[in-house]
Amino acid sequence: MNLFEELRFFYCLVTFTIGLSMKPGTQLRCVRCGFRLDEVRYVDRCPQCGGLLIPTFTGSLRRTGGSGVWVWGRALYTAFMKPKVTLGEGHTPLTKSIKMGRSLKADLYFKDESKNPTGSFIDRGAATLATALRRFRVRSISVASTGDLGISVSTYVRRIGLTTRIYVPSSVTLSKAYKTLLTGGRVRFVDSYEEALLRASRSAKLYGVMIPPSHPYLMDGYRTIAFEILHELGGGKPLSLVVPIGDGVLTMSLYHAFKDLSIRPKFLGVKACRESPLLREIYVMKPVLHEYLEEIASLGILEVVDVCDDEALEASELAVKNEGFLVGPVGASCIAALLKTGPEAVRDRVTVALVTGDPLQDPYIMKALLERTVGTREELLTLGFTKTKILEMVAYSDPTHPYVIWKGLRSRYGLSVSRRTVYKHVEELIDAGLLKVVSYRKVGGRLRKVISITESGLRHLT
Ligand SMILES: [Zn+2]
């Protein structure tokens, strides 16, 4: 072989190797118009119609070497990009329910996404996104976030030295606000999520690119939740998934990932009630992907369930008591949705409830959980706001019954707590010796307790 032939052979080998490493095993496809992206270039939506681009995989699912989400190799669109960014995300526990599944007559599992590096499933997408941003030499990004997206993306892109501008509603929980600040991005607190989206878009025009929550490189990583579930449970039985709806991005990512693998699960999508402070980080007025969600809902694949604070806290309490599973209200919202819909929605199906949000990260949530699971023993707890207001109401009025207290909390303090919660608070205050039953009164054909404050209760207020 002469020098020319050697050079030619070497050139062919290099071209072949680059060709292999550049060729995606998965394509990006537009859900709206069907456009398929064949070339490798930076995109965040369909170049033809502006629709949602979803990674589409054909072939059999195989685990490869590597760590984090990258074990799924060519099933990921971004798998051909190098070097890969990872913090060891994914591989989260899939735990079989002991009691709750039995009572729902369902083969129930919890997929604990709080075990990801920053405590959220978004880390899976942040790994694929950061890898793509590096591949396309993006220098600066802007993100609008209700909490987790900003924390996760900002953490991952720090590993590749990107500048991040994060816009967060000021209603975000304090722990999320601190965590976002700690990631090192430039954080701006604004009035609402809608304003955050607007500001992030404006900032991107000046400083770089905006990362919409439905970015295909983010959704690429979210699909690994489907891969893991299928890998562990197999695809033999009908499957139901319970997921928070949020912007609709997780639901759409999982729906298409399963569809590529010829699995058609049913989705129970959890939407937070509007006036639910504990669930505010998953409350979105109108999901970004609402048109796509409506389409799969019309096919009977998706059912949306509203969950409020009370229901989520009750689910947290049951998860701790029945399953030994410490989970905050956001994570428990999926369990609450299951309890609310009842056995019919999940009967004879393998059901996986996605759990996110570590309650240990937020003292306020820990306290709310303690109030339910432990009670209000004076030596243990300072009374919460609602209980204090109940004590005040009873202290400054004649002996009354819990229904009147519930009405008073609404009219005097604007507290929109359910009647059931107020009754529970009253029972706990009686157990703690701060209130007492003085008599019974028949109201509307029902016998109701008449409540008065005790000396211990009065001491508590002073
Ligand atoms: Zn399109």
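After H5 comes Gly 184, which has a positive phi near 95 degrees.

The protein chain contains 17 helices and 15 strands. It has 462 residues, of which 46% count as buried. Among contacts with a separation of 6 or more, 67% are between residues 24 or more positions apart.

The confidence of the prediction should be kept in view. The average pLDDT of the protein chain is 85, and 89% of the residues score at least 70. Over residues 7-24, however, the pLDDT is below 50, and this stretch has 7 contacts in the model beyond near neighbours in sequence. Residues 376-381 also have a pLDDT under 50; for them the model has 12 contacts beyond four places in sequence.

Next come two pairs of helices. Two packed helices are described by the angle between their axes and the distance between the axes. In helix H11 (residues 309-323) and helix H12 (residues 329-341), the axes are 7 Å apart and the packing angle is about 95 degrees. H11 is therefore roughly perpendicular to H12, since angles of 65 to 115 degrees count as such. On the H11 side the contact involves Asp 309, Glu 311, Ala 312, Leu 313, Glu 314, Ala 315, Ser 316 and Ala 319, while H12 contributes Pro 329, Ala 332, Ser 333, Ile 335, Ala 336, Leu 339 and Lys 340. By type, the residues of this contact between H11 and H12 are 9 nonpolar, 2 polar and 4 charged.

The second pair is helix H14 (residues 385-395) and helix H15 (residues 402-413), whose axes come within 10 Å and cross at roughly 105 degrees. H14 and H15 are therefore also roughly perpendicular to each other. Lys 389, Ile 390, Met 393 and Val 394 of H14 make the contact with Ile 405, Gly 408, Leu 409 and Tyr 413 of H15. The residues of the contact between H14 and H15 comprise 6 nonpolar, 1 polar and 1 charged.

Some details of the backbone in loops remain. Between strand S3 (53-57) and strand S4 (94-96) there is a loop that holds Pro 83. The peptide bond leading from Lys 82 to Pro 83 is cis, with omega near -10 degrees. Another loop, between helix H3 (122-135) and strand S6 (140-144), contains Arg 137. Arg 137 is not a glycine, yet its phi is positive, at about 55 degrees. This residue, Arg 137, is exposed, with 7 other C-beta atoms within 10 Å. Ser 262, in the loop between helix H9 (249-260) and strand S11 (266-272), is a residue other than glycine with a positive phi, near 60 degrees. Ser 262 is exposed, with 7 other C-beta atoms within 10 Å.

Key: Residues numbered from 1 in each chain as written. Predicted model: local features only at pLDDT ≥ 70, side-chain atom pairs only at ≥ 80, totals over all residues. Helix = DSSP H or I, 4+ residues; strand = E, 2+ residues; numbered from the N terminus. pLDDT = per-residue confidence, 0-100. Contact = placed C-beta atoms within 7 Å. Axes fitted to C-alpha atoms, helices over the stretch in contact; angles between N-to-C directions. Parallel < 35°, antiparallel > 145°, perpendicular 65-115°, else oblique. Nonpolar A, V, L, I, M, F, W, Y, C, P; charged D, E, K, R; others polar. Buried ≥ 20, exposed ≤ 12 C-beta atoms within 10 Å, placed from the backbone.
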